[in-house]
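Please read this note with the structure open beside it. The points below go through the aromatic rings, the ligand site and one surface patch.

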Amino acid sequence: KKLGIALVGLGSYSTYQLAPALQDTQHCYLAGIVTGTPEKEKVWANKYGIPEKNIYNYQNFDDIANNPEIDVVYVVLPNSMHAEFSIRAAKAGKHVICEKPMGISVAECDAIINVCKEAGVKLGMGYRLHSEPYTQQVKEFVREKTFGDVLFVSADAAYRSTGNPEQWRLDKKLSGGGALMNMGVYAVQSAIYGTGENPISVAAQEFSTRPEYFKETDETITAQFKFPSGAVGNISTSHNFNANAMYVSGTSGWFRLQPANNYGPLSGVTSNGDVIKFPHESQQKLQMDDFARHVLFDEPNKAPGEMGKRDMIIVEAIYKSIANGGETISLDFEPGFGFGG
Ligand code: NAD
């Protein structure tokens with residue numbers, strides 16, 4: 001059986017990445033859509049052969065509970081809408097994939113996790129990198145100590161935003177925050193899988209050079225982590241400059257990915273002079289098939305809800321550090337909390 005997925009929110013990520021990827025997936029397919037824009041209904045129905053009974057809007061969405069063709073609801077809306085639609089999906093008895101960031105607060109992440117548990121549905125994050133081979137290779141280097149014990153990680157996830165100043169990503173009510181909420185979560189993730197540890201503290205700084213454009217959301221943030229082993233790390237995220245890399249230095253060598261977190265192909269080198277190279281496949285295809293195998297065959301959940309919550313705890317700590325003039329904020333995670341399978 002192939003699982004039927006319904007995409008909620010037909011913006012650029014659904015249109016250009018997820019729907020095309022769902023044409024190639026092995027264990028799931030595009031079965032339905034949920035949109036607030038009536039004109040999109042016909043376009044998507046024609047393009048992907050979606051029957052009218054599998055098309056919903058935000059008002060009648062809860063009726064999806066009665067639709068046996070929809071197994072999974074994939075929430076691809078502005079950040080502040082993730083919690084509402086993930087919770088409504090779970091209450092309708094559907095498995096949930098929630099885009100990053102999981103919500104706009106830790107409280108929202110807890111609410112999503114709890115409702116999914118109560119409803120007995122599976123919950124996965126849209127963290128596509130955990131399904132692609134370069135990130136697997138990073139995790140293996142760290143696990144196998146290929147370059148010794150990790151001493152330092154640096155990670156950058158940023159792009160230069162110059163588009164419509166009215167876009168939701170620059171509207172705090174809809175985004176919950178700026179670069180950190182959008183790209184910063186990738187840098188946080190890299191720091192964690194680059195060391196194999198959750199951080200024990202973070203201190204952060206914010207920089208603003210175009211306040212007339214970034215009226216209410218963060219433009220550039222840097223943050224420094226300490227890890228239980230003694231390793232340290234530095235991340236940057238921005239909507240003002242382009243950056244996409246991670247670097248890990250250990251007791252006996254180093255490796256670098258650049259790019260490290262875009263849609264690929266990614267690319268890497270090591271201190272041994274090796275090039276890290278894998279055949280390119282759609283990350284979104286790999287990610288959705290991994291989640292479908294988790295649902296269908298009980299295979300490990302590579303990006304569980306706890307991972308999204310962990311990252312939001314770190315995001316909140318970074319904002320708290322900035323609000324307190326760069327104060328070091330302690331973090332208290334169980335070892336391995338939020339790590340995927
Ligand atoms: P987008 O702006 O292209 O699309 C947003 C969609 O939400 C549109 O279809 C819009 O009509 C709809 N929407 C509903 N209510 C809205 C409102 N009040 N304001 C604005 N739009 C509203 O955004 P996107 O790039 O598709 O991002 C959607 C989500 O996916 C975000 O949470 C983003 O972080 C995430 N995303 C993840 C990745 C990834 O690689 N995992 C990549 C891109 C986006």
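1. A residue is called buried when its relative accessible area is under 20%, exposed when over 50%, and partly exposed in between, using a 1.4 Å probe and counting protein chains only. At 0% relative accessibility, Phe61 falls in the buried class. Phe85, with a relative accessible area of 2%, is buried too.

2. This is a predicted model, in which local features need pLDDT of at least 70 and side-chain atom pairs count only at pLDDT 80 or more, while totals for chains, interfaces and linings use all residues. Residues are numbered from 1 along each chain as its sequence is written, and side-chain values use heavy atoms, with hydrogens and water left out.

3. Rings of Phe, Tyr and Trp (its six-membered ring) pair if their centres lie within 6.5 Å; planes under 30 degrees apart count as stacked, over 60 as edge-to-face, and the rest as tilted. By this rule there are 13 aromatic pairs. In one of them, the ring centres of Phe61 and Phe85 are 5.5 Å apart and the planes meet at 45°, so the pair is tilted. This pair links distant parts of the chain, 24 residues apart: Phe61 is in the loop between strand E3 (55–56) and strand E4 (72–75), and Phe85 is in helix H3 (residues 82–91). Helices (H or I, at least four residues) and strands (E, at least two) are DSSP runs, numbered from the N terminus. Together with Tyr58, Phe61 and Phe85 form one aromatic cluster.

4. How are the rings of Tyr213 and Phe214 arranged? Their centres lie 4.8 Å apart and their planes are at 85°, so the pair is edge-to-face. Tyr213 is buried, at 11% relative accessible area, and Phe214 is buried at 6%.

5. Oxygen atoms of the ligand lie 2.7 Å from a polar side-chain atom of Trp168, 2.8 Å from a side-chain N or O atom of His82 and 3.0 Å from a backbone N or O atom of Gly11.

6. Trp254 is in strand E12 (residues 253–257). With a relative accessible area of 30%, Trp254 is partly exposed.

Technical notes. Polar contact = N/O pair within 3.5 Å; in protein donor to acceptor, adjacent residues only side chain to side chain.
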